[in-house]
Amino acid sequence: QVHLAESGGGLVQAGGSLRLSCTASGVINRILTMAWYRQAPGMQRDMVASISDGSANYGDSVKGRFTISMDNAKNTVYLQMNSLKAEDTAVYYCYGDVVDFRARTKEYWGQGTQVTVSS
């Protein structure tokens, strides 16, 4: 079993910055992909950014403003969010696609962290 622990959410003014962190712990052989998703009230959960083998992908709405990075030694993924807008307000969820020592792959989600951007 794997646990994803998120931190770094909070309240920030428009134009400001926040950095989210998510650390994976438990039975981990290899992490295939880690990502951040977000969900605003009444909306679907959308992918914000993902990283796999050092290659990053971003949702169109955050390109040029957000940066995802991974510390493989710490099994930790970061999301640096700059130039925040009110529409970035949402619960941000960490996602991990993890391989265990029996070569089984399983997806995991964090509990979510609230990001609120005041305009």
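User: Is Thr-76 buried or exposed, and why?
Analyst: Thr-76 counts as buried because its relative accessibility is 4%, where buried means under 20% relative accessible area, exposed means over 50% and partly exposed lies in between, using a 1.4 Å probe and protein chains only. Please keep in mind that this is a predicted model, in which local features need pLDDT of at least 70 and side-chain atom pairs count only at pLDDT 80 or more, while totals for chains, interfaces and linings use all residues. Residues are numbered from 1 along each chain as its sequence is written, and side-chain values use heavy atoms, with hydrogens and water left out.

User: Which strand is Thr-76 in?
Analyst: Thr-76 lies in strand β8, residues 76-81; strands (E, at least two residues) and helices (H or I, at least four) are DSSP runs numbered from the N terminus.

User: What does the side chain of Thr-76 make a polar contact with?
Analyst: The partner is the side chain of Thr-23, at 2.8 Å. A polar contact is a pair of N or O atoms within 3.5 Å; within protein, one must be able to donate a hydrogen and the other to accept it, and residues adjacent in sequence count only if both atoms are side-chain atoms. Leaving aside neighbours within four places in sequence, Thr-76 is also in contact (heavy atoms within 4.5 Å) with residues including Cys-22 and Met-70.

User: What is Cys-22 joined to?
Analyst: A disulfide joins Cys-22 to Cys-94, with an S to S distance of 2.0 Å, the definition being a pair of cysteine sulfur atoms within 2.5 Å. This pair links distant parts of the chain, since Cys-22 is in strand β3 (residues 18-26) and Cys-94 is in strand β9, 72 residues apart. Both cysteines, Cys-22 and Cys-94, are buried.

User: Why is the disulfide left-handed?
Analyst: The torsion about the S-S bond of Cys-22 and Cys-94 is about -85 degrees, so the disulfide is left-handed.

User: Switching topic, what does β9 pair with?
Analyst: Strand β9 (residues 90-99) pairs with β11 in the antiparallel sense over 3 bridges, and β9 also pairs antiparallel with β10 (residues 105-109) over 5 bridges, where pairing requires that DSSP finds at least two bridges between two strands. Tyr-92 has Thr-113 in β11 as its bridge partner, whereas Gly-96 stands opposite Tyr-108 in β10.
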